[in-house]
Amino acid sequence: MHHNHHVHHTSLSDYNWYELFPPSIYVLAIILAFVYFRFVARDKQGKKLATKWQQTSIIASLLLMIIIKGTPVQVLGHNYLFSVHMVQMAVLYLMIAPLMILAIPEVKWKNWLSKKTILTRIFQFLTKPLLALLIFNAVFSLYHIPLVFDAAVSNPIIHYGYHALLLITAYTMWWPVLCPVKELDTLSDIKKIGYVFANGVLMTPACALIMFADFQLYETYRNVPQLFETMTPKEDQHVGGVTMKIFQEVIYAFVLGLIFTRWVKKERLRDKADLELIKRQNNQLKPELK
């Protein structure tokens with residue numbers, strides 16, 4: 001039985017402009033930008049806290065949100081193409097989530113986390129590396145079980161609830177790697193490399209299931225009008241699995257590269273400091289030898 005709550009038009013031109021460009025997304029982006037630049041990027045005295053890089057991060061994350069949720073991309077992903085839906089997922093959880101963590105100045109994180117509220121206690125519990133790793137990947141894999149996926153897509157409450165859960169677990173998953181608060185940055189660079197690598201491994205089963213299934217897994221995308229004749233629904237499904245894996249590999253490789261270069265820099269500085277110490281000790285010894 002097909003439970004889908006969508007209306008499937010045979011062409012994008014059959015949709016009205018606010019279905020293709022939902023105003024709510026633009027309003028949300030403006031509100032988030034206002035809150036960020038007015039309250040997060042500055043302290044109470046109005047002094048600027050956010051660096052250029054942090055401001056770029058928030059703007060990039062809001063632009064990405066508009067592209068995946070506030071344009072015809074949303075209609076395509078939600079109603080027609082599983083592969084587009086997977087691109088939306090990858091951008092939301094693997095790009096927007098980390099960019100938003102990086103956008104918030106360290107002082108603001110410190111202020112919030114120093115308050116011992118229920119929320120901060122939950123956050124600190126969920127950001128324990130092993131837990132964060134397992135929870136995000138469990139929630140992500142569960143979402144791609146056909147029964148769960150179809151239920152989530154056909155019911156707006158389950159849909160938004162599950163995506164909110166995925167977004168929260170994406171934040172907690174990225175936290176141990178990107179932790180902007182030095183005192184809470186418990187993982188060494190080598191452990192972070194292992195953490196990112198483990199993340200890639202844990203994400204593989206769900207992607208592999210989608211990539212290699214020889215039938216259509218999701219009722220949501222069965223019997224929908226084919227807007228693009230170039231791809232059969234089965235190919236669209238395979239492309240979705242491959243796309244998710246490629247996005248994930250590229251983003252994780254980039255993060256691994258950043259961690260590695262930072263680690264090399266630290267090692268170089270340590271070697272430099274050791275050399276300076278040896279030189280100083282030699283200079284102290286020399287007069288005694290004379």
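This is a predicted model: local features need pLDDT of at least 70, side-chain atom pairs count only at pLDDT 80 or more; totals for chains, interfaces and linings use all residues.
Residues are numbered from 1 along each chain as its sequence is written, and side-chain values use heavy atoms, leaving out hydrogens and water.

**Exercise 1. Find how many disulfides the structure has, and state whether Cys179 is buried or exposed.**

Step 1: Take a disulfide as a pair of cysteine sulfur atoms within 2.5 Å. A search of the whole structure gives zero disulfides.

Step 2: Apply the burial classes (buried under 20% relative accessible area, exposed over 50%, partly exposed in between; 1.4 Å probe, protein chains only). Cys179 has 8%, so Cys179 is buried. Cys207, at 0%, is buried too.

**Exercise 2. Place Lys48 in the fold and list what Lys48 touches.**

Step 1: Helices are DSSP runs (H or I, at least four residues), numbered from the N terminus. Lys48 sits in the loop between helix 2 (23-40) and helix 3 (52-69).

Step 2: Its relative accessibility is 46%, so Lys48 is partly exposed.

Step 3: With contact meaning heavy atoms within 4.5 Å, and residues up to four places away in sequence not counted, Lys48 touches Ala41, Arg42 and Gln55.

**Exercise 3. Work out the separation of Lys48 and Leu166.**

Step 1: Along the chain, Lys48 and Leu166 are 118 residues apart.

Technical notes: Helices (H or I, at least four residues) and strands (E, at least two) are DSSP runs, numbered from the N terminus.
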